[in-house]
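I opened the model to look up its pockets, its ligand and some backbone angles. My entries follow the structure.

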Amino acid sequence: MKVLVLGSGAGGGCPQWNCNCAMCAAARNGSRLIRARTQSSIAVSPDGQRWVLLNASPDIGQQLRLQPALQPQHGLRDTPIKAVVLMDAQVDHATGLLSLREGPPIELYVTPCVFEDLTTGLPILSVLEHYCGVRWHMLPVAGEQRVAEFVIDGFETLRFRAIAIPGKAPPYSPHRHDPKVGDNIALEITDRRSGKRLCYAPGLAAVGPSEFEWMQGADCLLVDGTFWTDDEMITAGLGSKRAADMGHLPQCSSDGRPGMMDALDGTRAGRKLLIHINNSNPILDDDGPERAELAHRGIEVAHDGMEISL
Ligand code: MLT
Ligand code: MN
Ligand code: ZN
């Protein structure tokens, strides 16, 4: 299985258009080793020919222009992107669907909660009915059902598992302060030929026993790397929300609550990568002490254009 990181940043990317924080400014003026990052999305393929898009970022136009493997190959109009799976209905994960409107109907795999948000509060799917249209494949993660195995047509060598995880629905959603099973999922993809397993969870608010279970079985983990500390936005003067308010587990522990580094330390995954990095996060500096600490623990930071073979 091949994995392409299209966008490794959180909402806004890095540098963010209106932000002059230490990291965004340094990314612009080159005073520190900080790579530009677009918003959150990856693509997965069994053969390098046909791809499934996981999340559709508002930066998708730029992302596809930089990725020959995802560009038209045959005939006048064509795309190697055969299906799209969304982890949630956040703006940075869903609005790229609008930029796929010139193509064939979108084969879209989302939970009922995400479908509801994308046809009401942010009615992208309803709008797309007037363009390419959307074929909704329901991921039955809702109510009592927390896990759903599924296959995607044309991708029979891959086994997909959608798993409900702790997180937050988008700010516009009626579920924002009333969480429901299916607002946020992690996606586990197993290559039936090699048995290798990828787990993708760019938004993850906590690691409890059930999260630990899928993390433990992964050959490659791509998990929430949004914030270094819980109060990062507050101390940087960028906002009033804590990581926890936004549904993200920070890398460092706070008030005795373990952080993502602690969770990852306890797993034996072959590769451990952070993804969906906010532009306030000091781990963006390739030469910084926070990065050295991650390296010491065997944790990598995903970047745009990164390729992973499993
Ligand atoms: C989040 O995950 O909380 C987002 O990156 C926020 C956003 O899209 O603005
Ligand atoms: Mn986000
Ligand atoms: Zn910034």
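**Ligand contacts**

I began with ligand 1: one of its oxygen atoms lies 3.3 Å from a polar side-chain atom of His-276. I count a polar contact as a pair of N or O atoms within 3.5 Å; within protein, one must be able to donate a hydrogen and the other to accept it, and residues adjacent in sequence count only if both atoms are side-chain atoms. His-248 has a polar side-chain atom 2.9 Å from an oxygen atom of ligand 1. From Gly-11, a backbone N or O atom lies 2.9 Å from an oxygen atom of the ligand. Ligand 1 has 270 Å² of accessible area on its own, and the protein covers 73% of that (Shrake-Rupley method, 1.4 Å probe; for residues, only the protein chains shown count as cover).

I noted that this is a predicted model, in which local features need pLDDT of at least 70 and side-chain atom pairs count only at pLDDT 80 or more, while totals for chains, interfaces and linings use all residues. Residues are numbered from 1 along each chain as its sequence is written, chains are lettered from A and ligands numbered from 1 in the order in which they are written, and side-chain values use heavy atoms, with hydrogens and water left out.

**Ligand shell**

I listed the residues around ligand 1 as Gly-11, Asp-92, Met-246, His-248 and His-276 (a heavy atom within 4 Å). By class, I have one nonpolar, three polar and one charged (Ala, Val, Leu, Ile, Met, Phe, Trp, Tyr, Cys and Pro are nonpolar; Asp, Glu, Lys and Arg charged; the others, Gly among them, polar).

**Pockets**

I looked up where ligand 1 sits, and found the second largest pocket (more than half of its atoms lie within 2 Å of the grid points). A pocket here is an open set of points on a 1 Å grid over the protein atoms alone, where a 1.4 Å probe fits, with protein on both sides within 12 Å along at least five of seven lines; lining residues have an atom within 4 Å of a point.

The volume of this pocket is about 550 Å³ (the space filled by probe spheres set on the points, which are joined across faces, edges and corners). I found 31 lining residues, with Gly-11, Gln-90, Asp-92, Met-246 and His-248 nearest its centre. The lining divides into twelve nonpolar, 14 polar and five charged residues.

The largest pocket holds about 680 Å³. Of its 23 lining residues, Leu-64, Asp-78, Thr-79, Leu-100 and Gly-103 are the closest to its centre.

**Backbone**

I recorded a cis peptide bond from Cys-14 to Pro-15, with omega near -5°. Asn-55 has phi near 75°, a positive value in a residue other than glycine.
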